[in-house]
Amino acid sequence: MDELEEELKCPVCGSFYREPIILPCSHNICLACARNILVQTPDAESPQSSRASGSGVSDYDYLDLDKMSLYSEADSGYGSYGGFVSAPTTPCQKSPNGVRVFPPTVPQPPPQHHLLPQPGSLPPIPRNSCITCPQCHRSLILDDRGLRGFPKNRVLEGVVDRYQQSKAAALKCQLCEKSPREATVMCEQCDVFYCDQCRLRCHPPRGPLAKHRLVPPAQGRISRRASPRKISTCTEHELENLSMYCVQCKMPVCYQCLEEGKHGTHEVKALGAMWKLHKENGVEFEACLVAQCDALIDALNRRKAQLLARVNNEHEHKLKVVRDQISHCTVKLRQTTGLMEYCLEVIKENDPSGFLQISDALIRRVHMTESQWGKGTLTPRMTSDFDLTLDSGPLLQTIHQLDFVQMKVPAAPMLQLEECCTQNNSATLSWKQPPLSTITVDGYILELDDGNGGPFREVYVGTETICTVDGLHFNSTYKSRVKAYNASGVGQYSKTLIMQTSETGLPPCDIQSIGTVAWFTFDPASAHPDIILSNDNLTVTCNSYDDRVVMGNSAFSRGVHYWEMTVDRYDNHPDPAFGIARGDVLKDVMLGKDDKAWAMYVDNNRSWFMHNNSHTNRTDGGISKGSTIGVLLDFTRGILIFLLNDEQQGPVAFEGLEGVYYPAISLNRNVQVTLHTGLPIPDFYTPGEADPTSSVC
C-alpha cells in the first residue's frame, strides 16, 4: 500500500493527484501544477523556427536536445530553455518527490474586460508557452488549446479517490485507550477522530461543544489535507480567532478579550509578528553571540597590536642606547690611538732636556686616559634581555569562564489588592511575582512616599511578600510601590498603589477643634517577654518584679492625641511609668531611663517626669486602685502633658517633640492597667493656646 501511495502523488506538489492530465511522454501531472511550471518562450525564436532551419532533428530528438541545454547549468541551479541566447533563466527547485522542476512565474498580460474568462473556466495561456515534464524533462510547446489539449486521466483520478476512501475507512478513534475502535465522526474544530462511545463521553453535544461541526471520517481526512494551516480559536470565546498576543500575560488573545477589559490595559502585539519573533529568536541569538565573540576578538587584536608596539619601542630604545655607546667608544678609541702614536713619537726624541720637559705631562695624560677607560666606558649600558613578561593567566581564565548569563533581573511584582489594607495609621501591603515568571528573586524593596506628594523612600527590604508599615499620618494619602531584585540587578517597579489611612471618626468641625482621635491597643510584638496581655490586648500586667516596657500598635507623628489608662490593681506601692517612646526603646528598664522615652512615673504619693534617666518636676499626688492616668500628645506645639484623675499633673512635661512616637508604659507584677483609646482631648485643653496650663479646670 505504501508503494501504491507514492504512485498516486504528483511529482510537483507531492500530494495526491487532483484533476491529473496525461503529457505526451505518458507521465501525469496535476492540472494546477501544470500551470505553475509553464514557461513562455520568445516570439522571434521558437523551437519551430529552429527546426525550420533544416536541422533534420525529430520532435522528440529536438526536445531531448532542448532538455540537455536546459540542464547545461544544473550545477548552479539555473537553466535556459530551448538553447535561446536571450531565453530567460529561472531558479531550479525540487518537488517533494525529489524531482527537479522549473516553476517560473508566467507573465500575465494586462486584463482586458472583453477577454476575461467566464466563471469556472481556465485563464488563457500565453502564446509560445512551453511545459517540461518534471520526471523525464521532455519539453513541449503548447498549441492554441493550451492545457486543454492534454487528455484527463480519469482512471488515475478514480484510483486516487478509491484509495483515499479505503484509507479513510481504516481511520481509528484517537481517544480509545487500549484497542482503538473505528472512527465514526471527526470534529473539524477539535481536529480529532471519535468513535461513538468516545464522542458521547468526550464530546457531548451541549454547551460550547454544541457549536462544533462533526463530519464523516473520510470527509474530515480530505478537508484536513486540503485546508490551510488551522486558525486557532480563543478558549474563552469559541467563535473568535486568536489574533493578538498579550505581552504581560504571555498568551494569545482575541479582540473580545480586549474589549471585555481582561487584557484591555495590557500591552498587546500582533500575533503574527510575535510568532515570527519567537521563531527567529534562535537565529537572532546566534547572530548576537557571534557578534559579541567577534567584538572580543577585535578587542584582543587591538590589544595585541598595542603590546607589539611596546615591544618595538623597547627594541628601538635598546638599539639607540647601544648605538650611542658604540659612538662614544669609537671617539674614545680614536683619541687613545692618537695619544699612543704621539707617545711613540716622543719616545723617539733624542734631546734629553726636551723629553724631560714633556714627559711628566705626557705620563699624566696617559694615566688620565687609562682611568677614563676604567670607569665603565666599555661596560654595556643596556642588556639584551626584554623585561616584558606578558601576564595572560587572568585573561585566559576569564575566557574559560565566559558563559551565558543564566539570570535576568526579576519582573515587576504584582500587588495583591485583595490583601492590601489600612487600619488607623498603619498600612499593610502584599505582593507576588507574576504567575509565569521563572526568574529567581532574592528579595523585595517596598517604597512609600511621605503622604503629601513627596519623594518615595524605602520602608522595607527583605524576602517577605507582605509588610505592615506603622507610624503613618492619619487621614493621609500614601503612594506605594515594590520592586524585586536578585544577583543580576533590580527589576521594574510594580504598579503604584494609593492607600488612605484612617480618618478620625468625628465630624470635620470637631476635628479642627479637638484634634485627631485614634484607636489602638498594646502591641504583643513590641512587648518584653515578661509582659502579659489580655482583654484583646487592652489590659496589661507583668510576671516580673522588674520594670518591663510595652508599646502601642500605632505610632503618631502629627495631630493632637489623647488616651487614658485605668489602674486595675496596685499592690505594695510600685511606681509604673506612662508616656511615649521611640520604636527602639529599651524594654527591660523603667520607661524614661534611656533617651528614647519621655514618661511620668508615679507612686502612691507623688510623680516625676523622666527622660534620659533625668528626674524633674516632682509633683504631689499619687495613684491607687481605680486611678486614671491621661496622656495628651500635641504635635502642633510639640508638647506632652499628663493628667491624673482628669486633672493636669504638673506643668507641661516635655517640649520640642517631633518625629514618630508610640504610646508606651512600664510596670511590674504589682500593677495591672487597662487602656482606653478613641477619646476626645479634655475640655480644659484648647489646641493653639499659648499656655495650656491656664485653661486647667
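A patch, as I use the word here, is made of residues with over 30% relative accessible area and no salt bridge, with nonpolar side chains joined within 5 Å. In this predicted model, one nonpolar surface patch comes to about 410 Å², and Leu344, Ile347, Phe355 and Leu356 make it. Two elements give two or more residues each to that patch: helix 10, residues 281–347, and helix 11, residues 352–377.

Take Leu344 from that group. Leu344 sits in helix 10. Is Leu344 buried or exposed? Its relative accessibility is 52%, so Leu344 counts as exposed; the cut-off for exposed is over 50%.

Now the chain as a whole. The chain has 13 helices and 37 strands. There are 697 residues, and 37% of them count as buried. The accessible surface is about 41,200 Å², with 53% of that belonging to carbon and sulfur atoms. If we take contacts between residues at least 6 apart in sequence, 58% of them join residues at least 24 apart.

The largest nonpolar core holds 36 residues, and Trp563 and Leu640 have the most contacts inside it. The elements giving two or more residues to this core are strands, among them strand 26 (539–542), strand 33 (628–634), strand 34 (639–644) and strand 37 (671–676). Which strand gives the most to this core? That is strand 28, with four residues. There is also a second, separate core of 24 residues, which includes Leu8, Val12, Cys25 and Ile131.

Asn670 lies in the loop between strand 36 and strand 37. At 13% relative accessibility, Asn670 counts as buried, because the limit for buried is under 20%. Which residues does Asn670 contact, leaving aside neighbours within four places in sequence? The list is Tyr545, Arg569, Tyr570, Asp571, Asn572 and Pro574.

Last, confidence. The average pLDDT over the chain is 78, and 79% of the residues score at least 70.

To go back over the main points: the patch involves helix 10 and helix 11, the largest nonpolar core has 36 residues, and Asn670 is a buried residue in a loop. That is what I have.

Terms used: Residues are numbered from 1 along each chain as its sequence is written. This is a predicted model: local features need pLDDT of at least 70, side-chain atom pairs count only at pLDDT 80 or more; totals for chains, interfaces and linings use all residues. Side-chain values use heavy atoms; hydrogens and water are left out. Patches are made of residues with over 30% relative accessible area and no salt bridge: like charges are joined within 9 Å, nonpolar side chains (Val, Leu, Ile, Met, Phe, Trp, Tyr) within 5 Å. Accessible areas come from the Shrake-Rupley method with a 1.4 Å probe; for residues, only the protein chains shown count as cover. A salt bridge is a side-chain nitrogen of Lys or Arg within 4 Å of a carboxyl oxygen of Asp or Glu. Buried means under 20% relative accessible area, exposed over 50%, partly exposed in between (1.4 Å probe, protein chains only). A nonpolar core is a set of buried Ala, Val, Leu, Ile, Met, Phe, Trp, Tyr and Cys residues joined through side-chain atoms within 4.5 Å. Contact means heavy atoms within 4.5 Å. pLDDT is the predictor's confidence in each residue, from 0 to 100.
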